[in-house]
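Me: I'm new to this one and would like to go through it step by step. Could you put it up so that we can look at it together?

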Amino acid sequence: MPNIGKEASKKLISVGIDTPEKLIELGSKEAFIRIKAIDNTACFSMLQALEGAIQDVRWHYLPDSTKKDLKEFFDSFK
């Protein structure tokens, strides 16, 4: 999956998301919530990377509307 390197993969596995299908089923927001619970340094880029992986694109190419939605979700953690 794009955007998912060694570290992101380790974090996903540690929260029980061990296949691309599970990530797609749960969605980027739920996956991020789980990662944030074990890694307080999880950032907005991580959330975008997860969504990009689900959409099979580099996170840089996510539509602006998707980025805006993710930003509002991320800001709710502050």
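This is a predicted model: local features need pLDDT of at least 70, side-chain atom pairs count only at pLDDT 80 or more; totals for chains, interfaces and linings use all residues.

Me: What about Asn 3, where is it and what is its phi?

Reply: Asn 3 belongs to the segment before α1, and its phi is positive too, at about 80°, although Asn 3 is not a glycine. Asn 3 counts as buried, because its relative accessibility is 16% and buried means under 20%.

Me: OK, let's go inside. Which residues touch the most other members of the largest nonpolar core?

Reply: That core has 18 residues, and the ones touching the most other members are Leu 12, Leu 23, Phe 32, Ile 35, Leu 47 and Leu 50. The elements that each give two or more residues to this core are α1 (6-14), α3 (28-38), α4 (44-55) and α5 (64-75).

Me: Which element gives the largest share?

Reply: That is α4, which supplies five residues of the core.

Me: Now the helices. How do α3 and α4 cross?

Reply: Their axes come within 9 Å and cross at roughly 140°, and α3 and α4 are therefore oblique to each other. The crossing in which α3 passes α4 is right-handed. On the α3 side the contact is made by Ser 28, Lys 29, Ala 31, Phe 32 and Ile 35, and on the α4 side by Met 46, Leu 47, Leu 50, Glu 51 and Ile 54. By class, this contact of α3 with α4 has seven nonpolar, one polar and two charged residues.

Me: What angle do α4 and α5 make?

Reply: α4 and α5 pack at about 135°, and their axes are 10 Å apart, so that α4 and α5 are also oblique to each other. The crossing of α4 and α5 is right-handed. From α4, the residues Phe 44, Leu 47, Gln 48, Glu 51 and Gln 55 meet Thr 66, Lys 67, Leu 70, Lys 71, Phe 73 and Phe 74 of α5. The contact of α4 with α5 has five nonpolar, three polar and three charged residues.

Me: Then α3 and α5, how do their axes lie?

Reply: The axes of α3 and α5 come within 12 Å and cross at roughly 30°, which makes α3 roughly parallel to α5. This crossing of α3 and α5 is right-handed. Here Ser 28, Lys 29, Phe 32 and Ile 33 in α3 meet Asp 69, Leu 70, Phe 73 and Phe 74 in α5, and these residues divide into five nonpolar, one polar and two charged.

Me: Is Lys 36 buried or exposed?

Reply: Lys 36 is buried, with a relative accessible area of 19%, and this residue lies in helix α3. Not counting residues up to four places away in sequence, Lys 36 touches Ala 42 and Phe 77.

Me: Last one, where does Asp 39 lie?

Reply: Asp 39 lies in the loop between α3 and α4, and Asp 39 is buried, with a relative accessible area of 13%. The C-alpha atoms of Asp 39 and Lys 11 are separated by 8.4 Å, although these residues are 28 residues apart along the chain.

Key:
Residues are numbered from 1 along each chain as its sequence is written. Side-chain values use heavy atoms; hydrogens and water are left out. A nonpolar core is a set of buried Ala, Val, Leu, Ile, Met, Phe, Trp, Tyr and Cys residues joined through side-chain atoms within 4.5 Å. Buried means under 20% relative accessible area, exposed over 50%, partly exposed in between (1.4 Å probe, protein chains only). Helices (H or I, at least four residues) and strands (E, at least two) are DSSP runs, numbered from the N terminus. Axes are lines fitted to C-alpha atoms, for helices over the stretch in contact, and angles run from 0 to 180 degrees between N-to-C directions. Angles under 35 degrees count as roughly parallel, over 145 as roughly antiparallel, 65 to 115 as roughly perpendicular and the rest as oblique. A crossing is left-handed if the near helix is turned anticlockwise from the far one by less than a right angle, and right-handed if clockwise. Contact means heavy atoms within 4.5 Å. Ala, Val, Leu, Ile, Met, Phe, Trp, Tyr, Cys and Pro count as nonpolar, Asp, Glu, Lys and Arg as charged, and the others, Gly among them, as polar.
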